[in-house]
Amino acid sequence: MRLRTLAAAGTAFVVIAFGGLYAWTRPAALAPAAGPPSPPSAAVLAAGARIVALGDCMVCHTAPDGPAYAGGLGLKTPFGIIYSTNITPDPDTGIGRWTSAAFKRALREGAARDGHLLYPAFPYIHYTRMSDEDIELAYAYLMSRPPVKVKQPANDLVFPLNFRPLLAFWNALYLRPGDGATPGTGQVERGRYLVDTLGHCASCHSGMNLLGGERSPAFQGGTVDGWHAPALTRLAQGSAPWTRDELADYLQGGLSLAHGAAKGPMRPVTERLAGVPRADVEAMASYLMTIQQPAAATAVSVAAQTTTSGAALFAAACVGCHAPAAPMMRLGGRPGLARSSAVLGDDPANFIQTVLHGIPWERPAPGGAAAAYMPPFADVLSDAQVAELAAWVRTGAGRPAWPDVAAASRKLRKEMQP
């Protein structure tokens with residue numbers, strides 16, 4: 001009982017201490033905008049749309065079937081659910097009363113116009129390094145969007161992480177405010193800026209530590225919404241290494257004819273990148289090729305599939321599209337499963353998620369790669385059958401079968417339930 005009392009007192013002391021620190025260091029509220037900004041020129045509007053697409057703003061700030069940029073998307077974190085905010089120019093529920101200075105502070109310091117600290121699900125630790133020019137362009141574009149009046153649900157976070165003053169401590173650990181400098185103009189330098197700053201790729205591809213900070217070194221892989229975000233430093237390894245041009249095709253079209261289609265949280269990212277100049281995705285791909293690590297020398301022994309159940313499942317559910325003689329393979333130029341990143345990866349999550357939930361049909365972008373589609377099999381295959389199918393496909397690609405796939409499938413089914 002005494003220990004429980006001491007723990008409660010200690011927690012109260014920490015909360016009060018951080019509350020005092022927050023009150024002392026909380027950013028001041030900024031004056032509201034005197035009125036809407038002047039309409040941007042067509043050139044500014046186009047440049048701003050490019051910045052917003054490269055920053056993936058619509059991906060997180062649009063709820064399923066909701067108005068663009070009006071927020072409401074529930075972002076699942078290990079600490080609870082954070083709902084994205086409304087960044088349309090509505091004066092009451094959006095950023096209609098924000099000046100460009102308030103918008104810049106949000107990106108640089110993670111603080112809203114009224115001074116409250118923003119949760120780092122909003123990747124301001126990356127946006128802080130945006131150039132002043134790009135921030136102004138993004139602001140001009142967002143303030144030109146149709147205003148939408150919609151109030152978002154309250155965040156559902158565990159105590160004490162729902163206590164915003166603790167973010168002052170988090171920022172002291174992880175936020176290094178940028179200076180607004182313009183990035184270099186070389187292709188690799190431009191790519192570094194797009195990957196590390198605007199694209200905030202490390203947010204997903206690095207994973208989080210116990211405090212919710214990104215793991216270091218960056219780009220070693222992570223997990224997002226039950227999908228595996230692969231290590232970006234090992235793209236050139238393995239039996240199906242990526243090239244710069246293949247990666248650029250994938251980033252802009254959501255499909256690499258040598259590796260497969262974008263799925264899960266990565267798919268909407270590629271949909272946004274479909275509208276940016278080809279030079280941008282080529283710069284990103286060029287930079288990513290410079291951070292590749294040499295492969296470690298490992299001996300891989302592949303156990304033969306000893307049962308015919310996996311083969312029978314493949315023949316019943318998959319052969320119509322994925323067999324070498326299937327029309328999709330012969331006429332569509334799709335990669336065989338032996339080159340698929342979902343099959344060759346060290347983690348079975350992406351294979352399981354694709355089998356369970358498929359790839360929804362969406363019309364391809366003009367000039368982009370042909371659309372990818374796959375029906376879901378969650379209602380057709382049991383977890384044991386998913387494991388049998390995975391073992392057959394995986395060993396057929398020359399890789400050892402993943403362990404405990406049935407248990408992983410059960411876990412992912414449960415996590416993806418509404």
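Is Y69 buried or exposed? At 6% relative accessibility, Y69 counts as buried, where buried stands for under 20% relative accessible area, exposed for over 50% and partly exposed for what falls in between, with a 1.4 Å probe and protein chains only.

1. Basis of the note. This is a predicted model, in which local features need pLDDT of at least 70 and side-chain atom pairs count only at pLDDT 80 or more, while totals for chains, interfaces and linings use all residues. Residues are numbered from 1 along each chain as its sequence is written, and side-chain values use heavy atoms, with hydrogens and water left out.

2. Main core. The largest nonpolar core contains 52 residues, and those with the most contacts inside it are F103, M130, F219 and L273; such a core is a set of buried Ala, Val, Leu, Ile, Met, Phe, Trp, Tyr and Cys residues joined through side-chain atoms within 4.5 Å. The elements that contribute two or more residues to this core include α2 (42-54), α4 (100-109), α8 (187-198) and α12 (278-290), and the largest share, 6 residues, comes from α6. Helices (H or I, at least four residues) and strands (E, at least two) are DSSP runs, numbered from the N terminus.

3. Leaving aside neighbours within four places in sequence, L273 is in contact with A53, L54, L251, Q252, V281 and M284, contact being heavy atoms within 4.5 Å.

4. The open sheet. Three strands make an open sheet in the order β1-β2-β3, with antiparallel pairing, and two strands are taken to pair if DSSP finds at least two bridges between them. Its edge strands, each pairing on one side only, are β1 (74-77) and β3 (156-157). Strand β2 (residues 80-83) is joined to β1 by 4 bridges, K76 stands opposite I81 in β2, and the two strands form a hairpin with 2 residues between them. The antiparallel pairing of β2 and β3 extends over 2 bridges, and G80 has L157 in β3 as its bridge partner.

5. Backbone points to check. Most residues other than glycine have a negative phi, and most peptide bonds are trans. Y69, in the loop between α3 (57-60) and β1, has a positive phi of about 70° although it is not a glycine. D225, which lies in the loop between β4 and β5 (227-229), likewise has a positive phi, near 50°, and at 41% relative accessibility D225 counts as partly exposed. A cis peptide bond joins F159 and P160, with omega about 5°, and P160 is placed in the loop between β3 and α7. Another cis peptide bond, with omega about 0°, joins S216 and P217, and P217 is found in the loop between α9 (202-205) and β4 (222-224).

6. A surface patch. F169, L173 and L211 form a nonpolar patch on the surface, with about 260 Å² of accessible area together. Patches are made of residues with over 30% relative accessible area and no salt bridge, like charges being joined within 9 Å and nonpolar side chains (Val, Leu, Ile, Met, Phe, Trp, Tyr) within 5 Å; a salt bridge is a side-chain nitrogen of Lys or Arg within 4 Å of a carboxyl oxygen of Asp or Glu. Accessible areas come from the Shrake-Rupley method with a 1.4 Å probe, and for residues only the protein chains shown count as cover. F169 has its place in helix α7 (residues 166-174) and is partly exposed, with a relative accessible area of 38%.
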